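Hi everyone, thanks for making time for this. I'd like to walk you through one structure, so let me put it up on the screen.

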Amino acid sequence: MKSLKTGRIISNTIIYVILAIMSIVWLLPIVWIILQSFGGSVGDKARLIPNTFTFNNYLYLFSNFTGITHTQGDNHSLDGYFFGWFCNTLIVAVLSCLISTLFVLGTAYALSRFRFKARTIFMKVNLVIGMFPGFLSMIIMYWVMRDIFHLQGNYMSLVIIYSAGAGGGYYIAKGFFDTISKNIDEAAMIDGASKSQIFWQIILPLAKPIIVYTVLTSFMGPWGDYITSSYIIGLQNTKNWTVAIGLYQFTTGQDIAISYYTQFAAGAVCVGLPITLLFFALQKYYVSGVTGGAVKG
Amino acid sequence: MKKLLTFGTALLSTLALVACGGGGDAQENIDKVKINVWATAAEQQVIDAVIEDFNRKQTEESKKFKIEFTAVAEGDTGTTLAKDPTVDGAPALFLCADDHIPNLQSLNIVSEIKGARKDKIVAENAKIAVDSATIDGKLYGYPVTADNGYFLWYNKGFEGLESKIGSLEDLLKFAKDNGKQVLMDVPNGFYANSFIMSPEANGPESLLWKRNDEDKVYYETNWDNEKGVEVSEYIAELLTEYTNSGTLITGDNAKITAGFENETLIAAVSGTWMESSLSGILAEDLAADKLPTFTIDGKAYQMASFNGSKLYALNKTRPVEEQKTAAALAELLTAKEAQLIRFEKRQALPCNNEAANDPRYTEHKTIGGAALLKQSAYGCVQAKVAEGRYWDVGAAIGQAYIDSQLKDGDGNPMTWAQFLTAQMDILRAAR
């Protein structure tokens, strides 16, 4: 009996040590970037805790309002842009998120509830198309946006790109809708509800967890995307950049990368905030019950 | 009829080209159209000053320059235009680093500069700047500033150091004796060439790359010759010793800044880009000079460097009218007066010979600028020697200098002659 207890203590200790190490590995970069964002000198780049602390990096990012500009070097080329990039990204992410969520849920509902010609073929073709990496369409997207829509260099073109094909990612939502009993639909139909009413008033309220999931993923995609935004917008249109391009330039841009490290860290923290807030706001729906007990009696 | 038409078109385009390469005072006479200009943000103040001054002197509206300025970093203009030279808002005139010119030229994006204009540029500018804009004898850019390259930064406030910076051996020994460090990023192809390419060893021309009949790139580099092996063996021994003792360190710009800040570093090999951050740390004690020499069998070898410049180039895909205006503006922006304005406003080193000797420059020249100019006598144009695949070879050689033992891929020891031959074979193969 005693040895059993000792054994459990030992195994628990080992597990906790492993978990502790893993959590340190996982958290260290985040703690590092947060501490660096308050760092007073670029020279402390390689230290976990900077020698001096300042709030100026954050004030610099919003220099349109605070008037704090970059102090090192004579290259002020990125002063005063961050707030604009932040707004651009927010607009792109919110619009794409709303449109994509509608597309995904609509497609999933249609494929889950309706039986129509070519339904299975559509699903198979979509599966195959989904296997090609998105960046294969990069060049063609560029020319379509440039010569057909005349939106090259404009961040609104990103909304079109991110949301137009979103319906293709319906799988998880469809799987969820499949678990909602069809009896509910039938009961509603008997009461005289149309397909559209069933979708909006009956299925969606039952599908909160999957709506939350779709909203989160379709917000985070555009929010952090670098590849698409950089080639569509281009380095010459500084004020139309998204935060991803801006922060990348903070760390790699010529004459800039040397001295913008702490500002980059502050920017990275600012970029993390909206996602964290969104997650907190939606978290409770993640856990809420699904359809259990919806049709009884 | 068709023949006549073809002839007519050919004649017209020749005329256009002749007009393009026209005489020196063309900027005064031609009618100007509005053009887009891409340059780094700091350049805008120079362009504004130069254009304002020019336009004030013009009586006719059509002779004045009208531009739309877009801020794009010098390293990004070339890559952005290489992707799509006809993008919305594409510039007729753009400022770029010289290493983009070969790529833009092969994609047929930059216009060649011919005739009197070319002669004027060649006559008026530093050779290294003109060389950097020339491919196969054809000129593709208006030299703006020769500012890329590396040399030695040091802390002259550290007692006794100033007398040691002439010799690599003395410098390293001095640092070791005082428990301090020297930084040179040896395992980086940008710095690794410094020893073998010494004018006393294989020389700055030894890394030129060429194209064969099939348009493939190859090198005739023979760093595996007697001289190269001798220098490498000596340098490897010297650098390994000081690397192992912790005196010689490697690293990026941030490490240099940090090293001078916490006073562990007394000297570092880097370029003009460090001046503003280092002067903030060392203030009056900041000094710079050409790279030191090293001595083999009593003979001194001067360490070499890569050099590069910034150029204004014309976008060949823009209409001829725009290119003519752009050429006139480029000429104005790279003339003596503009280069002096550029130096005053953004500390860019002039490459125009007259500007470089003007008291407005010589009396105010920067610490780094003076050292760079001194070192450039032992440099070579980076864009012409360091084509893509050199960087891995350079990095391998640099790494070998500071590794204790030379080994092949299977871990067997090898000699420097064998190692260099293996590396040179990578460069010499036509690809």
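Before I point at anything, one definition: when I say "domain", the bounds come from an automatic or database domain assignment. With that in hand, chain A is assigned domain 1, residues 2-66, and domain 2, residues 82-287. And please keep in mind that this is a predicted model.

Let's start with confidence. The predictor gives the complex an ipTM of 0.73 and a pTM of 0.74. For chain B the mean pLDDT is 86, with 93% of the residues reaching 70 or more. The stretch to treat with care is residues 1-25 of chain B, where the pLDDT is below 50. Beyond near neighbours in sequence, that stretch has 14 contacts in the model.

Now, chain A. What is its secondary structure? It comes to 14 helices and zero strands. Of its 297 residues, 29% count as buried. If you take the contacts in chain A between residues at least 6 apart in sequence, 69% of them join residues at least 24 apart.

Back to the two domains of chain A. Their C-alpha centres lie 30 Å apart. The contact between them takes 13 residues from domain 1 and 12 residues from domain 2. On the domain 1 side, α1 (2-37) and α2 (56-61) of chain A each supply at least two residues. That side of domain 1 divides into seven nonpolar residues, five polar and one charged.

Let me zoom in on one helix of chain A, α8, residues 171-179. Which of its residues are buried? Ala173(A), Phe176(A) and Phe177(A) are. They cover an arc of only 100° around the axis, so they sit on the same side of α8(A). The face turned away from that buried side carries Gly175(A) and Thr179(A), which are exposed. As for what covers the buried residues, the list includes α4 (82-113), α10 (195-206) and α11 (208-224) of chain A.

Over to chain B. Here the assignment gives two domains, each in two pieces of sequence: domain 1 is 24-148 + 308-372, and domain 2 is 149-306 + 381-428. The C-alpha centres of these domains of chain B lie 32 Å apart. Where they meet, 16 residues of domain 1 are in contact with 14 residues of domain 2. On the domain 1 side, the elements giving two or more residues are α5 (101-106), α7 (127-132), β6 and α17 (367-376) of chain B. Which of them gives the largest share? That is α17(B), with five residues. By type, this side of domain 1 of chain B divides into six nonpolar, six polar and four charged residues.

What about the nonpolar cores? The largest has 127 residues, and Leu93(B), Val182(B) and Ala313(B) have the most contacts inside it. Both domains of chain B give residues to this core, so it lies between them. Take Val182(B) as an example: not counting residues up to four places away in sequence, its contacts include Leu171(B), Leu172(B), Thr247(B), Leu248(B) and Ile266(B). There is also a second, separate core of 45 residues, which includes Tyr109(A), Tyr155(A), Leu158(A) and Tyr162(A).

One residue I'd like you to look at is Asn148(B), in strand β6, residues 142-149 of chain B. Is Asn148(B) buried or exposed? The cut-off for buried is 20 or more other C-beta atoms within 10 Å. Asn148(B) has 26 such neighbours, so it counts as buried. Leaving aside neighbours within four places in sequence, Asn148(B) is in contact with Gly271(B), Asn307(B), Gly308(B), Ser309(B) and Gln382(B).

Last stop, for those of you who like backbone torsions. Asp136(B) has a positive phi, near 50°, and is not a glycine. Asp136(B) lies in the loop between β4 (134-135) and β5 (138-139) of chain B. With 7 other C-beta atoms within 10 Å, Asp136(B) is exposed. Asp297(B) also has a positive phi, of about 50°, without being a glycine. Where is Asp297(B)? In the loop between β14 (293-296) and β15 (299-302) of chain B. Asp297(B) has 6 C-beta neighbours inside 10 Å and counts as exposed.

Technical notes. Residues numbered from 1 in each chain as written. Chains lettered and ligands numbered in written order. Predicted model: local features only at pLDDT ≥ 70, side-chain atom pairs only at ≥ 80, totals over all residues. Core = buried A, V, L, I, M, F, W, Y, C linked by C-beta atoms within 7 Å. Buried ≥ 20, exposed ≤ 12 C-beta atoms within 10 Å, placed from the backbone. Contact = placed C-beta atoms within 7 Å. Helix = DSSP H or I, 4+ residues; strand = E, 2+ residues; numbered from the N terminus. Arc of directions from axis to C-beta. pLDDT = per-residue confidence, 0-100. Nonpolar A, V, L, I, M, F, W, Y, C, P; charged D, E, K, R; others polar.
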